[in-house]
Amino acid sequence: MTKTPLREMAAWKALETHATTIGTKHLREMFAADARRGERMTAEACGLFLDYSKHRIDDQTLSLFQALADECGLEDRRAAMFRGDKINLTENRAVLHTALRAPREAVIEVDGRNVVPDVHAVLDKMAAFAESIRSGVWTGFTGKPIRNVVNIGIGGSDLGPVMAYEALRHYSQRELTMRFVSNVDGSDFAEAVHGLDPEETLFIVSSKTFTTLETMTNAHSARVWALARLKHHDAVAKHFVAVSTNAAEVAKFGIDTANMFGFWDWVGGRYSMDAAIGLSTMIAIGAENFQRMLAGFHAMDEHFRTAPLARNLPFLMGMLTVWYTSFFSAETVAVLPYDNYLKRFPAYLQQLTMESNGKHVTLDGRRVDYQTCPIFWGEPGTNGQHSFYQLIHQGTRLIPCDFIGFAHSLNPLGNHHDLLMSNVFAQAEALAFGKTTEQVKAEGTADWLVPHRTFEGNRPSSVILAEKMTPEILGQLVALYEHSVFVQGVVWQIDSFDQWGVELGKVLAVRIIPELESAAEPELKHDSSTNALIRRYRAMRRKQA
């Protein structure tokens, strides 16, 4: 653990001074002074090409990034993570999502035990089950093959599978209908099962403890829905499987524990889409494509572990996030994939980034006195251009952007893809260089209109390019952001792998549930606002009844 407070580090102080200097420079000026900037400030690995030249940085900035990483002990911390040390200090756990995609021959130990064979045993079990569903060998209680798969989870047990299914839908078995339930709002469940035949439907219940309130509420509703048609309790074992570690609760629910797929406490929920949580993904795309995705994850893991920092993609992206968040007061990062298959990728990143680094104390419990995690958000291009790009281009906030594009479309159609990608390059160019007052006037614009049509520019962006959307590339993209988050957390001296902030609201909700459902008027001991809201809700419910 780093003992020196971050803002007292020499490299941090140097970056503070440097930020005031470079903050006065425009990207137009930087490109004019260096004809090769757009070629120099790039990095490439694992099929991903990163252009970071349109950022408000220079060579000195990059040197200071490395100096800060050295002072923070980034490389030692990285080695500790890959080694299986318990770097999640508040929960005393190892952080080994990288083991989920390690090859069979790898040796990664936790408490003296090589966990890689356990990982592959689960993957093999998943593959066999997925194939039995895809081939029709597994049948429901009445003998019909499974045609519908509904994943029930929340947080990492939902966001990862949903994102991966949408991202890899092109590779999916189209005869299977894949749906996802996460919200405890009954409408989510109702819409997920609408039009499905219980005799042909399989539910995957993903809950490590098998006690997660939202997931188990939906799971019990699913069981009621299924048995209304199937009638017999034994049908549960043919229409439900579990991703869990709680065999007793799984069996109590009626699921055969032979169809329980486990995972480990050294895998955080938001890092688990490539573990058993990805069972729905494997059913959709098949074990071979799932393995291709894991290979992509592993390739980026190895790049992050071994590549020099100057050419290390996760390091560069992580430090750029630190740079704008802590030194330029940027509050958000926009992730803008120009591929419709990645439409859920920004939502996935919201949990990965903000649940990881949305922390206000350091590893040793001190209150941070600098900005940490920005808000991540975004939509696919070109849709976003007709929605919120106005704010990015001419608003008063600095919003760094990550553009993600591909050289080839999975669905070639006329000149659609060239039109799509022309917008990637044009938007990044427009953000960086803008349009000066002189340029606007030269177009014959009336003086009163000139300010409205002027673009300041100097708005930073990265462009990430790959050949096409494949399972390997998806794995590489996710791992790229995972390790970028790690870099940020190390610099900010926070624990990126716990999530205590999600607990309090859950605890209070459990306390309030009986107060809403009680037949008698309960004694309320909350604040005046909460008490009044509960009373009004109860009154509204009574009125409807």
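Analyst: Happy to! A disulfide is a covalent bond between the sulfur atoms of two cysteines. In practice we look for a pair of cysteine sulfur atoms within 2.5 Å. Searching the whole of this structure turns up zero disulfides. Cys72, for instance, is in none, and the nearest cysteine sulfur, that of Cys373, lies 17 Å away. Cys401 is likewise in no disulfide, with the sulfur of Cys373 as its nearest, 16 Å away. The model is predicted, so local features need pLDDT of at least 70 and side-chain atom pairs count only at pLDDT 80 or more, while totals for chains, interfaces and linings use all residues. Residues are numbered from 1 along each chain as its sequence is written, and side-chain values use heavy atoms, leaving out hydrogens and water.

User: Is Cys72 buried or exposed, and what about Cys401?

Analyst: We call a residue buried under 20% relative accessible area, exposed over 50%, and partly exposed in between (1.4 Å probe, protein chains only). Cys72 is buried because its relative accessible area is 5%. Cys401 counts as buried too, at 0%. Across the protein, buried residues make up 54% of the 545.

User: How do I read a pocket?

Analyst: Rolling a probe the size of a water molecule over the atoms shows where empty space is left. On a 1 Å grid over the protein atoms alone, a pocket is an open set of points where a 1.4 Å probe fits, with protein on both sides within 12 Å along at least five of seven lines; lining residues have an atom within 4 Å of a point. Points are joined across faces, edges and corners, and the volume is the space filled by probe spheres set on them. Here the largest pocket holds about 1000 Å³. Its lining has 40 residues, and Thr212, Gly269, Gln499, Glu503 and Lys506 are the closest to its centre.

User: Which element gives the most to that lining of the largest pocket?

Analyst: Helix H21 does, with four residues. Helices (H or I, at least four residues) and strands (E, at least two) are DSSP runs numbered from the N terminus. The protein has 22 helices and 13 strands.

User: What is the volume of the second largest pocket, and which residues lie nearest its centre?

Analyst: The second largest pocket has a volume of about 350 Å³. It is lined by 15 residues, with Asn340, Ser409, His416, His417 and Leu420 nearest the centre.
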